[in-house]
Amino acid sequence: MPITVPTGSLFAQQSNRIQEILNKNIEVFLPALDPAWRDTTVTSQGVGQASLIGRDMKILKIYMGSMAGVLEMNDVRSNFVLYGDDTMTTLGAKLQTQGLNNTWPDATDGAMARPYRLGIGMKAMASNLLVTMGEMQAEATPAFIGEVIAPKLEGHARLIAHTLCNNWYMSENNSYQLSTFVTTASNAQAFEWASTYNATTQNFAVITGAVTTAFAIRFNVPQNNIDRYAVGMRVDIFEGSTPQVRINDTQTAPGSQNLSTRVSAWVSAVDEVTNKVTIAFASALSVTGFATGTTYYVYFANARKFNSGSPTSSNGFGFAGINSWLKNSGVLLGGDSDSSNEIDVNFHPEFKSFFKSSVGTLTEHKLRQYLRGFHRAKEKYGQYIDCLIASDGVWLNYEAQKIGQYMLDRTNRLSSLTSEGSQEGFKFTFDGRTYTGYTSNYIEDGTVYGIRKGGQNWKKYVPPSPKGTQKFDKAESFIPFEFVAPALGYSSIKVPITRNTGANNTSLLTEGAQMPGMLRMQLVPDQPAGMKLTGVSTDRQYGE
């Protein structure tokens, strides 16, 4: 029951004389970055030379991979390099003739290695942050509780880091989608909607028919990669038919949808315990809506390009990550490849990754087979894997199938629970190599990635900065984010916001200031080839 002060007590009668103390330190809840991303990429990341970024902001890597020259056994030429030519003819007891019959192989018959190129384009993000004079005034007021500007800057920095972490795992094969969800009416409440959104009561209902007035939706994440979502993220939702239609839009026809017709949508709650995400809309989706039993796709806001009104699988945008480089068919970087300088792994199999689908339960023997399969194919090129990344359900299932294989010996011993549980971390040793296993909730469930992180395999390429740009001191040190206002002639990183509302359409000053910024980079591995296992059995539970 709630704590109540007795009405007749001294504290109750004299409550107006007792100071109410509020903690001046505001606690800011922000999700930490994926540990696998930090340990595999950030901590071992190299930096590529900016001088290697050339025309059109492209990195051009040149490869050669063919043997050269002519080499053959000399038996077919009478082993003349061992014994001399076999054209000696005897002329009596004291003379002989010497001829030249055998020759070295024809040098022109040898193959010459032909170079081929890989073109890697830069990627960029543009950002902006609003601060108002009211916020700055509040922060300057001694009586105001806590800081105002600092938490907003910290949240902006974490948004940048979170977005990059997501890009590392998202795939250009599905236009860099965050996840899907299905509008299923079930006891598990896979999809719910609210026609009037109340942040306090959360009046959600399970779908029973078409929904056209949703102010907010809540859904289970089928891929179980709920860490891809964070409160405050701007997102878009697309319906899965062809052509795809953006649901959070004022227009139903894809050809009429553009940046200006978009209805703002934000992640308003992330319930990791039950695997549910809540998305709130700026206004009710009264034009388009949600149909029962339909699959929908969630992307970062404005991460899809409308090409003649028909978004396709090749026009999503993001920085290159694992799925851009691990290919067992087609070209490296997929839809983001440079068509004039691309590498098709079918013609250049030395870049091909080891893929295995429908794995089922991942046993120790299977894992040995797959790792042996990769190194059997790649070791001669000096390529190797030293890192395995999977969801927690995959590793738990891997361990669960081992439990029944061993017997607990209790001969002349008492029962003990002293050393129950699992050993911290995951290490797998095979053929003299030790693989470090990482757990990630950013990965779609049922997938295992094997990559090389050693030797600074992954390198960050960043174009030179325009003169005057300013680094963001609250951003992670590995993120090359810059505020651009000083480079545009302003004295600070803040730019006044104006409105054309004067009598003569005059541009009038508001109390707001914007902080435009940019992030330009690309991640490029020296060894793109790795391993990807899909359809792996998982073992996980969510709360009620």
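Modeller: Happy to! A salt bridge here is a side-chain nitrogen of Lys or Arg within 4 Å of a carboxyl oxygen of Asp or Glu. The idea behind the rule is that side chains of opposite charge can pair when their charged atoms come close. Please keep in mind that this is a predicted model, in which local features need pLDDT of at least 70 and side-chain atom pairs count only at pLDDT 80 or more, while totals for chains, interfaces and linings use all residues. Residues are numbered from 1 along each chain as its sequence is written, and side-chain values use heavy atoms, with hydrogens and water left out.

By this rule there are 18 salt bridges. Let us begin with R77, which pairs with E72; their closest N and O atoms are 2.8 Å apart. E72 is partly exposed, at a relative accessible area of 39%. In these terms, buried means under 20% relative accessible area, exposed over 50%, and partly exposed in between (1.4 Å probe, protein chains only).

Next comes R218, which forms a salt bridge with E192, the closest N and O atoms being 2.9 Å apart. This pair links distant parts of the chain: R218 lies in strand β11 (residues 216-220) and E192 in strand β9 (residues 191-194), 26 residues apart. Helices (H or I, at least four residues) and strands (E, at least two) are DSSP runs, numbered from the N terminus. Both R218 and E192 are buried.

E482 counts as buried at 3% relative accessibility, whereas K471 counts as exposed at 53%.

Salt bridges can also join up: D236, R246, D249 and R262 are linked in a network of them.

Now look at the strands around this network. β12 (residues 235-239) pairs with β16 (residues 295-300) in the antiparallel sense over five bridges, and V235 stands opposite F300 in β16. Two strands pair if DSSP finds at least two bridges between them. Four strands make an open, antiparallel sheet in the order β8-β16-β12-β13. β8 (179-182) and β13 (245-246) stand at the edges with a single partner strand each, so one side of each has no neighbour in the sheet.
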